[in-house]
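Hi,

Here is the structure I promised to pass on to you.

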Amino acid sequence: NARTLLGAMAVAGALKSDAWDQPIVRALYANLRTTGALGFRSDNIPLAQLEEHGWKHFHDAETLNLSPHFEAYLWACYLWAYDRTGDREFLETAKRGIQRTMAAYPDQWRWGENLDRARMLLALAWLVRVEDTAEHRGWLNAVAQDLLANQHACGGIAEQPGNPNSGHFQTP
């Protein structure tokens, strides 16, 4: 959902068009409604589960998913939405998830790799944009510096396996 939203937002901005405003806002609120109390949405929500339990079940759940791979782009979307609408639920939801994720950085991240760091950059950059604090800048700087520590002279950034005892996909 988040990657589709990011693309739609970018195209709308580049074309200076409001043609996608309503679908973007509807998708943002639909995702927000199914994001849990701790600021996490989880890897996915199958339609059958949504139909069975209703959106409030997911909104009130204490889902914890320390995986920027699955969560960070949606937080970036929420922070963009807060910047545009002023709806504090977007800000507070993203902050709750980001705070817990950064408190677990990097050893408890589900993957803990450079892929996760790279995905986290957009959410952290938007967080600094909408709420510039020393803590938020520190998080952005830490993730960026750790990512750049793996940059080769050619400019490429090598993937680093995460913690071998945790993660979604174990290091072979």
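In the lining of the largest pocket, α5 has the largest share, with 6 residues. (Helices are DSSP runs of H or I with at least four residues, and strands are runs of E with at least two, numbered from the N terminus.) The volume of this pocket is about 280 Å³. N1, A2, R3, D43 and F70 are the closest to its centre, out of 15 lining residues. Two or more residues each come from α1 (2–15) and α5. By type, the lining has 6 nonpolar, 5 polar and 4 charged residues; here Ala, Val, Leu, Ile, Met, Phe, Trp, Tyr, Cys and Pro count as nonpolar, Asp, Glu, Lys and Arg as charged, and the others, Gly among them, as polar.

For the pocket terms: on a 1 Å grid over the protein atoms alone, a pocket is an open set of points where a 1.4 Å probe fits, with protein on both sides within 12 Å along at least five of seven lines, and lining residues have an atom within 4 Å of a point. Points are joined across faces, edges and corners, and the volume is the space filled by probe spheres set on them.

Please keep in mind that this is a predicted model: local features need pLDDT of at least 70, side-chain atom pairs count only at pLDDT 80 or more, and totals for chains, interfaces and linings use all residues. Residues are numbered from 1 along each chain as its sequence is written, and side-chain values use heavy atoms, with hydrogens and water left out.

Next, α6. This helix covers residues 88–103 and reaches 22 Å from its first C-alpha to its last, close to the 22 Å expected (1.5 Å times one less than its number of residues).

Finally, some backbone details. In the loop between α6 and α7 you will find P106, and the peptide bond from Y105 to P106 is cis, with omega near -15 degrees. Two residues other than glycine have positive phi: K16, near 50 degrees, and S42, about 90 degrees. K16 sits in the loop between α1 and α2 and is exposed (over 50%), at 76% relative accessible area. S42 belongs to the loop between α2 and α3 (47–53).

Best wishes

Technical notes: Buried means under 20% relative accessible area, exposed over 50%, partly exposed in between (1.4 Å probe, protein chains only).
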